[in-house]
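Subject: Structure for you to look at

Hello,

Here is the structure I said I would pass on. Please open it and keep it beside this email while you read.

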Amino acid sequence: MKRKILALFLVLMTVSAVLCGCGDGSKDPGTEGNHGYEERMTNNEIVVGIAQDLEDSLDPHLSASAGSREVLFNIYEGLVKPNSDGELICAVARDYDISDDGRTYTFYLREGVQFHNGQTVTAADVVYSIQRCCADTSKGVPLVAAFSVIQEVKAVDEMTVSITIEKADLDFLSYLTEAIVPNGYDKIDTFPMGTGPFKYVSRSPQENIIMEKFDGYWGEGAKLNKVTYKVYEDATALVMALKGGAIDLCAHLTNAQVSQLDEAQFQILEDTMKLVQAVYLNHQAEPFDDVAVRQALCYAINRQQIMDFVAGGRGTAVGSSMYPAFAKYFMPELVDYYQYDPAKAKDLLAKAGYPNGFDMTITVASNNKPHVDTAEVVAEQLRAVGVNAKVQLVDWQTWYDDAYKARKFQSTVVGLDASYMTARAMLERFTSTSSKNFTNYNNSEYDALFAQAVACTDMEQQTGIYKQMQKMLTETAANLYIQDLCDLVAMRQQMTGLQFYPTFVMDLSTVGWTAK
């Protein structure tokens, strides 16, 4: 088995080294030369390389992909927002009160907060934004599912907003990071209009997104004048662009990619991605509707080999749908629930009626090199127990439309993150009625535990229930849990200020050049 993994590693490394960049969604993958950044440094602007374009709609209340949220974080703010320490701090609101019964939240708006069109934020904008998130119930829930508990949202006066919910909800404040947008603004899906440190300028689909410093920002302004996100869907072209001087900053790189970069040009920063990477299984596709089959596949997976291959052993192993940054909820004991045991995997497959294994497809978005590399290793490991796993590479939009939205897939490798800083955000997606439950996991006991957790008014009790839910996902082998991926970030040596967050965002307001 080790020989096969090593052989696969050498083949992929060779391919990575010799392929030229093409079809990457960008017109200039690396032709600027090693000093092409000097003009950008003089103009106080940067180019950030990203592996996928934003969703067709730029509406922050509809955004589903982590890549889109990562960009829009710089443009929008809520009443509160997270900081790099994982704390919720005031943003559009300067302060707030919570009633003794935990049902009424009163927010006092910050004076002088402006939208990027110069319009001053008032209570009417806040009421509109929250009501908008509650309005669309076409799928049985509001745009923000947690807002289903809202009974009333009203403007007390021009700078004060009151929100009343059905009953006390320990997580509710976390959901008020939702973007505040102008009252009645009707171009939100094509031209973002927020209050953040950067304002949206333009977008060329599959090519770039441009934003500029917002001079009217209420807080400490951005250090850069301009940021251009350039889309490179081809992993080799992305590396060429970094080496050629076309990109100044790029996150979510693999160990093989950063090993090709010149240390004199780039500093390599390391964190984790704040997500749960797994082989996610479609429970409505045979034979993944059989718990014994899913458990067999769990025993066939060797996490350490995967982590060694993708990031030189870096990353953090996970055993359920929670990553370590959520320290209060994370259960390290679940990591070893399924010890690597190919013999046990074969035995379970035989007992489930598959003594000779079966064929399966792992559909992966081709633009995400860490997930592609992971899928290749997983496929090799599964073949060792008789499962003929084929890796199917598709472009990101096809993956999003077919696998995620339409749920037309057998299995996939992807990383799921928390769009809000709550355990609920990680676990709710596996409830049977969740619109985000693309794996079709259906467990009435799990649903009942979730209902109990949401109804809890005691934090310790709620934490215990969330842990029960994680254990249930592990015991039923809901997915083949792997890791919170190592996040390798390449940033020019002349730059500073990048901070890592406990959620999947990239705050560019603190980034700047050290010399110009």
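Bear in mind that this is a predicted model.

I will begin with the second largest cavity. Strand 11, strand 12 (266–272) and strand 19 (486–492) each contribute at least two residues to its lining. The volume of this second largest cavity is about 120 Å³. Its lining consists of 17 residues, and those nearest the centre are Glu70, His252, Asp487, Phe500 and Val505. Sorted by class, the lining has 9 nonpolar, 4 polar and 4 charged residues.

In total there are 5 cavities of 30 Å³ or more in the structure. Around the largest cavity are 45 lining residues, with Gln52, Ala66, Gly67, Asn368 and Phe504 nearest its centre. By class, 28 of the lining residues are nonpolar, 11 are polar and 6 are charged. Several elements each give at least two residues to this lining, including strand 1 (45–50), helix 5 (235–244), strand 11 (249–253) and helix 10 (369–383). Which helix gives the most to the lining of the largest cavity? That is helix 3, with 5 residues.

Next, the nonpolar cores. The largest has 108 residues, and Ile163, Leu249 and Leu508 are the ones that touch the most other members. Apart from this core lies another of 59 residues, which includes Val47, Ala246, Leu382 and Leu485. To see how Leu249 is surrounded, set aside its neighbours within four places in sequence: its contacts then include Ile46, Val48, Val489, Met491, Leu498 and Leu508.

Last, helix 7 (residues 291–300). Why is helix 7 described as largely enclosed by the rest of the structure? Of its 10 residues, 8 are buried, so the rest of the structure largely encloses it. The buried residues are Ala292, Val293, Arg294, Ala296, Leu297, Cys298, Tyr299 and Ala300; note that Arg294 is on that list. Among the elements that cover these buried residues are strand 13 (276–281), helix 9 (342–351), helix 10 and strand 18 (479–484). At the start of helix 7, the backbone nitrogen of Ala292 has a side-chain oxygen of Asp290 within 2.9 Å.

Regards

Note on methods
Residues numbered from 1 in each chain as written. Predicted model: local features only at pLDDT ≥ 70, side-chain atom pairs only at ≥ 80, totals over all residues. Heavy atoms only, no water. 1 Å grid on protein atoms, 1.4 Å probe; cavity = no way out; pocket = protein on both sides within 12 Å on 5 of 7 lines; lining within 4 Å. Points joined across faces, edges and corners; volume = space filled by probe spheres on them. Helix = DSSP H or I, 4+ residues; strand = E, 2+ residues; numbered from the N terminus. Nonpolar A, V, L, I, M, F, W, Y, C, P; charged D, E, K, R; others polar. Core = buried A, V, L, I, M, F, W, Y, C linked by side-chain atoms within 4.5 Å. Buried < 20%, exposed > 50% of the residue type's maximum accessible area, 1.4 Å probe, protein only. Contact = heavy atoms within 4.5 Å. Polar contact = N/O pair within 3.5 Å; in protein donor to acceptor, adjacent residues only side chain to side chain.
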